[in-house]
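Good morning, and thank you for making the time.

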Amino acid sequence: ADLVDQICEDNLEAALILLRRVHHSTLTGIITDYVTEEPTVAEIFIPGIDDTGVYRAPYRSSEEYGRYFRLLMPGNLTAHFSAPGYHDPPPVAFTITDSIQTVVDLALIPLLVPEVVNAFGGDNFVRLIWEMPGYNLPYPVSEPDGFLIYRDGVLINPDSPLTDSIFYDQEVENGEEYLYSVSAIFPEGESQESAFVLVSPQSGTLISPDEIVMTLSENILTIQWETVDDALGYNIYASEDIETDNWLLLDYIENNEWSIEIGETRRFFRVTAQY
């Protein structure tokens, strides 16, 4: 019993030393979500200190405030920040001194989510087109390795992520309604799914230009037509015999005007819409 007072005094002094310690030789800051600005739990990893082969619990920012503290010896160091569902920012170089705190605040960017920009229901197929958001970001982020497609909440390409930003689903029936979303696969993980789009494939949706206008000027033939809704582009065909089934594909274009130099051979042309 006669040792209790001294033990309490010694431990109180140690606690006060630790409380004062965070004001120097310390790395600190607040981690937030770049979009919501809310506090975010992230791991702070320092090479040369946290990879010595001896396990220690990861240092993380607090859930309530996003604040973190690392008590460090003076010197030049580098920190890596990471969190599930976020892009990894570039490593941050910093200097620790024995007189003040070193403050590194960081806003982590959530994994970018694809935006479906076109959803078309054709004749027994559905076509989806998406793009990645292009707003300004505070640091470069990784590119997606592929994309996953969900139909009615079920992943339909689990073994073959798409590398293009267009998808054709031919496992559908005309007149039915289907709910689609798209997610992106990054080195850091899978993004959230895009906003849902409702698509209903229908027969009679694939049409070509109703009327084309042809003008000839100094042996240059120009063909023009009205654009077709939902068409990705147009195929230009030619033949010397209008009755033949052997039409030669000359070109594929995305606008509604096309030109060619015409020789003495008479040719017939036709334009079809590509979906």
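Let me begin with a definition: two strands pair if DSSP finds at least two bridges between them. Strands themselves are DSSP runs of E, at least two residues long, and they are numbered from the N terminus.

Before applying this, a word on the source. What you see is a predicted model, in which local features need pLDDT of at least 70 and side-chain atom pairs count only at pLDDT 80 or more, while totals for chains, interfaces and linings use all residues. Residues are numbered from 1 along each chain as its sequence is written, and side-chain values use heavy atoms, with hydrogens and water left out.

Now to the sheet. Three strands form an open sheet in the order S2-S4-S5, and their pairing is antiparallel. Strand S2, residues 43-45, and S5 are the edge strands; each has a single partner strand, so one side of each lacks a neighbour in the sheet. From one strand to the next, the twist averages 40°, where axes are lines fitted to C-alpha atoms and angles run from 0 to 180 degrees between N-to-C directions. S2 and S4 run antiparallel and are joined by three bridges. Which residue of S4 is the bridge partner of Ile44? The partner is Phe81.

A nonpolar core here is a set of buried Ala, Val, Leu, Ile, Met, Phe, Trp, Tyr and Cys residues joined through side-chain atoms within 4.5 Å. Buried means under 20% relative accessible area, exposed means over 50%, and partly exposed lies in between, with a 1.4 Å probe and protein chains only. The largest such core has 37 residues, and Leu27, Phe81, Leu128 and Tyr180 touch the most other members. Several strands each supply at least two residues of this core, among them S1 (26-33), S4 (75-82), S5 (92-96) and S9 (126-131). The largest share, five residues, comes from S13.

What does Phe81 touch? Counting a contact as heavy atoms within 4.5 Å, and setting aside residues up to four places away in sequence, Phe81 touches Ile31, Glu43, Ile44, Tyr68, Asp88, Pro89, Val92, Val104 and Leu106. There is also a second, separate core of 16 residues, which includes Phe125, Tyr234, Ala238 and Tyr275.

I turn to charged side chains. A salt bridge is a side-chain nitrogen of Lys or Arg within 4 Å of a carboxyl oxygen of Asp or Glu, and by this rule the count is four. In one of them, Arg20 meets Glu13 at 3.6 Å, N to O. Arg20 is partly exposed at 46% relative accessibility, and Glu13 is partly exposed at 40%.

Asp50 and Arg70 form another, with their closest N and O atoms 3.0 Å apart. Asp50 lies in the loop between S2 and strand S3 (67-71), and Arg70 in S3, 20 residues apart. Are these two buried or exposed? Asp50 is buried at 15% relative accessible area, and Arg70 is buried at 2%.

Arg151 and Asp169 form a salt bridge as well, at 2.8 Å between the closest N and O atoms. Arg151 is in strand S10 and Asp169 in strand S12 (residues 166-169), so the pair ties together parts 18 residues apart in sequence. Arg151 counts as buried at 19%, as does Asp169 at 3%. Finally, salt bridges that share partners join Asp50, Arg56 and Arg70 into one network.

That concludes my presentation.

Methods
Helix = DSSP H or I, 4+ residues; strand = E, 2+ residues; numbered from the N terminus.
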